[in-house]
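Trainee: Could you walk me through this structure, one question at a time?
Mentor: Gladly! Have a look at it first, and then ask away.

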Amino acid sequence: MASLLQSQKSMPTSKLKFPLNLMHFFNDARHFQIVYLGSFVLFGLVFLSWHEDWFKFILFAVTALVIQYFGQAMTQPKRGAWKSALITSLGLCLLCKTNTYETAILAAVFAIGSKFVLRYNGKHIFNPVNMGIIASMYLTNDAWISPGQWGSHIVLIFLLGALGFLVLRKVDRLDASLTFLLVFGGLQFVRSVLYLGWSIDVYLHQMASGTLLLFTFFMITDPMTTPNHRTARIIWVSLISITSFALSNYMYVYAAPILVLFFASPLTPVLDTIWQSEKFDWKFSKSFVELKK
Amino acid sequence: MKTTKKIILTTLSVFLLQTNAFSFCGFYVSKADTKLFNKASQVILVRDGNKNVVTMSNDFYGDVQDFAMVVPVPTILERDDIQVVDRYIFDKLDTYSGPRLVEYYDQNPCYMYDQYFGIRKFSEAATMSSMDMIEDEEEIKNYGVTIEAQYTVGEYDILLLSAIESSGLKTWLRQNGYQIPSDAEEVLDPYIKSDMKFFVVKVNLDEQLNSGYDYLRPIQISYESNRFMLPIRLGMANADEAQDLIIYAFTKDGRVETTNYRTTKIPSDKNIPTFVQDNFGQFYADAFDKAYKRNGRNTVFLEYSWDLSSSNYVKCDPCATTPPTYAELRDAGVFWTKPNNSNGWGGANYNGELFITRLHVKYDREHFPQDLFFQSTPNKEHFQGRYIMNHPVQGHLDCDQASSYYQMVLDRRENELDELAYLTGWKMDEYDYYVDTYAKKLERSRKDKKFNTGSIIPLNKVFQDSKIKSIVLSSLALLLMTSVYFGSVRRMN
């Protein structure tokens with residue numbers, strides 16, 4: 001009887017506890033990113049016929065975690081770096097297409113390996129997903145990006161944007177995304193609608209690409225590979241936006257932003273030297289719970 | 001009153017104005033007894049580096065003097081860049097790459113036979129678009145239109161126009177007797193500003209008489225451009241319905257896909273009932289239509305992709321016809337293969353890398369606001385639209401295995417009907433006989449012999465669907481990864 005009373009008493013507490021636990025869980029922005037990217041992988045598996053690729057997805061994840069393990073064994077172990085490796089492999093699932101398992105492994109090896117090998121001033125130079133894609137595309141000629149793979153599901157695009165927005169609030173890189181949307185989207189608007197005279201739905205269709213939004217909200221905002229100082233970041237992103245716009249509109253390079261990001265990455269250390277600011281640390285990312293205290 | 005020419009708006013091209021039953025590229029799929037307008041435009045795209053060769057089929061059936069067409073092209077074409085080719089090449093490629101029905105025969109459970117199979121191939125079908133006619137006789141003097149070049153090629157008179165702005169071009173066309181839809185202007189402007197030229201074609205009646213052909217032949221153009229695209233917007237200017245377009249793309253490296261629309265595979269490798277054989281064209285047309293609607297009407301479908309390189313011996317499997325030869329590829333515009341002497345079913349009489357992709361697009365203004373942009377990927381995976389019929393053993397079976405065999409056929413046929421209903425949306429009520437026959441046979445054989453049946457676990461049926469299987473497996477894998485991950489995080493903390 002006593003135990004029954006006790007359990008009845010404890011029930012309301014446990015109900016209250018659940019959302020708080022969730023808040024605590026999302027204190028680390030990487031958890032949020034894992035949920036965010038993971039849900040898009042699931043969406044693709046169920047609705048976009050990616051189910052044929054499921055084994056490649058496992059390979060991305062396993063390889064990334066293994067390389068991360070060895071990388072850490074040889075360098076200074078960092079708390080929770082596993083999470084970054086998992087995020088990287090989810091990013092590869094979403095963006096990197098290939099037909100062979102070797103290439104999938106290679107992409108993940110390059111993605112995570114570059115974090116340990118190509119470093120400057122305590123930061124890795126290249127965004128791991130970006131590195132994995134570019135390396136597998138150009139080293140094997142067996143990988144590619146499918147910019148059209150998302151279709152133009154408006155609801156999906158909206159969610160992608162809205163959730164991305166939340167992630168960015170946590171990692172404090174919203175300025176990068178907004179700059180890209182403003183500069184790239186603005187230039188595209190001027191060219192497509194104002195200059196060429198296409199109707200607005202053509203412009204929206206151009207911008208409603210899942211790959212473009214994933215780039216905007218996930219890749220270009222990676223706190224570890226973007227300049228630390230806000231001014232530097234805005235200059236850096238503007239440069240990427242303008243180059244991507246030119247490449248995609250005049251040279252018809254469809255994966256332009258991803259290519260451009262790769263070549264713009266070595267600029268980050270230079271900009272970091274000119275505008276100095278504190279390096280990002282996942283542990284100090286903003287917390288939802290803090291606001292409520 | 002001056003005579004007016006009518007311009008055909010097709011896929012690639014432009015304003016079309018005639019209500020008679022025709023479209024510019026197209027082919028009939030079903031037999032003459034069908035009332036369906038089973039027509040689709042067809043285009044062959046060949047690309048290597050920046051060099052493009054585009055062939056547009058032409059099945060205009062009206063009075064040839066009414067034929068005209070306008071296609072936006074990225075450069076001013078030279079005389080040698082324009083050719084007229086024979087229409088057979090489209091039929092050849094269609095037969096080679098079209099969706100196919102494959103049949104298998106069951107082994108007699110009472111005897112041991114070698115299994116064999118036969119192949120039957122039917123073309124697929126699509127609906128036709130209707131085009132409106134627009135009358136306008138307005139005359140304006142100042143056009144800003146330049147005739148950059150003027151040729152007679154085969155039975156066609158060809159003009160290459162450049163324009164400064166759309167209203168000038170519109171006026172010029174009208175002045176010269178071409179009727180164009182009034183809302184074409186909004187579509188012309190972006191092309192003019194993108195520095196596109198206009199390839200205007202009409203029939204030269206004398207040449208047409210001399211040519212000896214009683215139909216208009218496809219036109220093939222080649223040009224250098226970094227744009228790998230098809231301008232479909234002009235063709236929509238006056239079309240109310242969605243239009244079908246079949247694209248045969250040849251590249252060196254691999255599968256071609258659209259970069260601004262999702263490219264997905266048409267449902268394939270499905271078991272369907274044997275009675276579909278008599279009506280395969282209709283089956284495929286309905287299955288395509290269902291897939292098109294299920295995918296939001298804004299998806300490009302892959303119908304075939306195959307490595308045709310000389311180094312790849314198997315150039316189709318099963319083959320609906322012989323794979324394209326060197327001469328046929330030349331006619332299709334493939335310019336990099338080199339002839340050699342070997343000849344045979346699988347061995348090509350050419351050398352070189354080659355990959356074919358067949359895409360099927362059903363587009364309208366609402367769901368395809370942008371032109372089609374393509375990329376060639378290194379993806380060499382083979383794919384074909386393939387549907388399978390399984391023929392049961394005929395005659396009376398007199399052995400212990402008969403009941404379990406009939407049970408298997410019965411289950412299979414139920415699945416085939418479910419599959420057919422899902423793929424096409426056809427009502428299955430009238431096909432009850434298809435399973436009833438075997439239900440009766442099963443009953444009779446059970447009476448004859450001892451009760452002997454194979455049990456079917458429902459889970460097996462669910463897992464026959466590879467998609468469900470993969471989803472379940474991948475979800476399990478994700479779950480496993482998540483728990484391993486959190487396990488390790490906890491340990492580290």
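Trainee: Which residues of α2(A) are buried?
Mentor: First, a word on the ground rules: this is a predicted model, where local features need pLDDT of at least 70, side-chain atom pairs count only at pLDDT 80 or more, and totals for chains, interfaces and linings use all residues. Residues are numbered from 1 along each chain as its sequence is written, while chains are lettered from A and ligands numbered from 1 in the order in which they are written. In α2(A) the buried ones are Ala29(A), Arg30(A), Phe32(A), Gln33(A), Tyr36(A), Leu37(A), Phe40(A), Val41(A), Gly44(A) and Leu45(A).

Trainee: How far apart are the end C-alpha atoms of α2(A)?
Mentor: Helices here are DSSP runs of H or I with at least four residues, strands are runs of E with at least two, and both are numbered from the N terminus. The expected span is 1.5 Å times one less than the number of residues. For the 19 residues of α2(A) that gives 27 Å, which agrees with the distance between its end C-alpha atoms, 27 Å.

Trainee: Which element gives the most to the side of domain 1 of chain A that touches domain 2 of chain A?
Mentor: The domain bounds, from an automatic or database domain assignment, are 27-144 for domain 1 and 154-281 for domain 2 of chain A. Contact means C-beta atoms, placed from the backbone, within 7 Å, and 20 residues of domain 1 of chain A are in contact with 22 residues of domain 2 of chain A. With five residues, the element that gives the most to the domain 1 side is α2(A).

Trainee: Is α5(A) largely enclosed or largely open?
Mentor: Its buried residues pack against α3 (54-74), α4, β1 (97-98), β3, α6 and β4 (143-144) of chain A. Because 12 of the 17 residues of α5(A) are buried, the rest of the structure leaves this helix largely enclosed.

Trainee: What is the bridge partner of Leu159(B) in β11(B)?
Mentor: β9(B) is also joined by six bridges to β11 (residues 197-203) of chain B, and these two run antiparallel. For Leu159(B), the partner in β11(B) is Val200(B).

Trainee: Which element gives the largest share of the side of chain B that touches chain A?
Mentor: Here 38 residues of chain B are in contact with 36 residues of chain A. Among the elements giving two or more residues to the chain B side are α3 (185-193) and α10 (466-492) of chain B. The largest share, 11 residues, comes from α10(B).

Definitions and conventions
Contact = placed C-beta atoms within 7 Å. Pairing = 2+ DSSP bridges. Buried ≥ 20, exposed ≤ 12 C-beta atoms within 10 Å, placed from the backbone.
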